[in-house]
Amino acid sequence: MNILITGASSGIGEATARLLHKGGHTVFLSARSFNKLEAIKAELGDRVHIIQCDVKDYEDVKAMTHAAVQSMGSIDVLINNAGLGIFDPLPIAKIEDWHEMVDVNVKGLLNCTHAALPHLVEKKGHIINIGSVASHHVFANSGVYCATKHAVLAISESLRIEFPDKLHITTISPGSVNTAFIDQTKNDNLLKEYKPNFANGMSAELIADAIRYAIETPSNSVISEIIVRPSKALY
Ligand SMILES: NC(=O)c1ccc[n+]([C@@H]2O[C@H](COP(=O)([O-])OP(=O)(O)OC[C@H]3O[C@@H](n4cnc5c(N)ncnc54)[C@H](OP(=O)(O)O)[C@@H]3O)[C@@H](O)[C@H]2O)c1
């Protein structure tokens, strides 16, 4: 299959790119850190395409989608993975951080979905949205992040309802995963408290495997959501 992955320069996106490529798929990788994408492409070789793209910028996203269709011939699967969480108690949180999370996690996901939708519908394709346990639960110090991930699940569900026989939609909702994700948080006290939890969290490869499973499920059924929680913690 021809698979477009956003946020493919690190963590879950990178692990997913590697696993799907190993499984014989063609991957089109996007992120802002072009040097990281170049290094992944140099290592993996054939069936890898890369582009620099900020999902907040709809012009960038349209160019990414166009390039994906040009180089792969189609987009069978879009993996909306680019996202971030910046944790802070609400009374001292920065408005720029709230805007950044909404702009990337919600508006960025909508930009990619909107631009790729005609191509996906044409191929009876599949959208994988990366939600979170925060799509279901609300936690202190991360209210806006939780709101963005609730929105991701709502967007997935609306797509599933409106395109029942034209698209497959899956939300992947992980608990703590050991990636660079927590390093976006600048509050020293929270960082000290949360970092061990993420360090002991699940591997990005485990989440990549859940994504692979959803993609490779026979087309007469659809995995609408997979929630993956670490066994040693509640979330
Ligand atoms: N780690 C966890 O515990 C966890 C749990 C549940 C859900 N998630 C979700 O999983 C997804 C991936 O996170 P991760 O854990 O793999 O963290 P990560 O290693 O920090 O990866 C985040 C990815 O998003 C990309 N990104 C961020 N802002 C972007 C933008 N404006 N435009 C394009 N790409 C952008 C980053 O690339 P560049 O910086 O190069 O652009 C990077 O490739 C996120 O949606 C996150 O909310 C993570």
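Author: First, the terms. On a 1 Å grid over the protein atoms alone, a pocket is an open set of points with protein on both sides within 12 Å along at least five of seven lines, whereas a cavity is a set of points where a 1.4 Å probe fits but cannot get out. Lining residues have an atom within 4 Å of a point. A molecule sits in a pocket or cavity if more than half of its atoms lie within 2 Å of its grid points. By that rule, the ligand takes the space of the largest pocket.

The model is predicted: local features need pLDDT of at least 70, side-chain atom pairs count only at pLDDT 80 or more, and totals for chains, interfaces and linings use all residues. Residues are numbered from 1 along each chain as its sequence is written, and side-chain values use heavy atoms, with hydrogens and water left out.

Start with the ligand. There are 30 residues around the ligand (a heavy atom within 4 Å). Those that come nearest are Arg32, Ser33, Tyr145, Val177 and Thr179. By class, this shell has 14 nonpolar, 12 polar and 4 charged residues. Here Ala, Val, Leu, Ile, Met, Phe, Trp, Tyr, Cys and Pro count as nonpolar, Asp, Glu, Lys and Arg as charged, and the others, Gly among them, as polar. Helix 1 (11–22) and helix 5 (143–162) each give at least two residues to the shell. Helices (H or I, at least four residues) and strands (E, at least two) are DSSP runs, numbered from the N terminus.

Now the polar side chains. Thr179 has a polar side-chain atom 2.6 Å from an oxygen atom of the ligand. For Ser9, a polar side-chain atom lies 2.8 Å from a ligand oxygen atom. Asp54 has a side-chain N or O atom 2.9 Å from a nitrogen atom of the ligand. The protein buries 94% of the 890 Å² that the ligand exposes when taken alone (Shrake-Rupley method, 1.4 Å probe).

The largest pocket holds about 1,100 Å³ of space. A volume is the space filled by probe spheres set on the grid points, which are joined across faces, edges and corners. The lining has 46 residues, and Gly83, Leu84, Tyr145, Thr179 and Phe181 are the closest to the pocket centre. Helix 1, helix 4 (95–122), helix 5 and helix 6 (188–199) give two or more residues each to this lining. It divides into 24 nonpolar, 16 polar and 6 charged residues.

The second largest pocket has about 190 Å³ of space. Its lining has 13 residues; Lys124, His126, His168, Ile215 and Ser219 are the closest to its centre. The classes are 4 nonpolar, 6 polar and 3 charged. Lys124 is in the loop between helix 4 and strand 5 (126–130). Its phi is positive, near 50°, and Lys124 is not a glycine. Most residues other than glycine have a negative phi.

The largest cavity has about 50 Å³ of space. Residues that line it include Ile86, Asp88, Trp98, Met101, Asn141 and Val144. Helix 4 and helix 5 each supply at least two lining residues, and helix 4 gives the most, with 3. The lining divides into 6 nonpolar, 3 polar and 2 charged residues. Asn141 is in the loop between strand 5 and helix 5. Asn141 also has a positive phi, about 70°, although it is not a glycine.

The second largest cavity has a volume of about 30 Å³. Asn80, Asn81, Ala82, Asn105, Leu109, Ile130 and Lys149 line it. By class, that lining has 3 nonpolar, 3 polar and 1 charged residues.

Key:
Polar contact = N/O pair within 3.5 Å; in protein donor to acceptor, adjacent residues only side chain to side chain.
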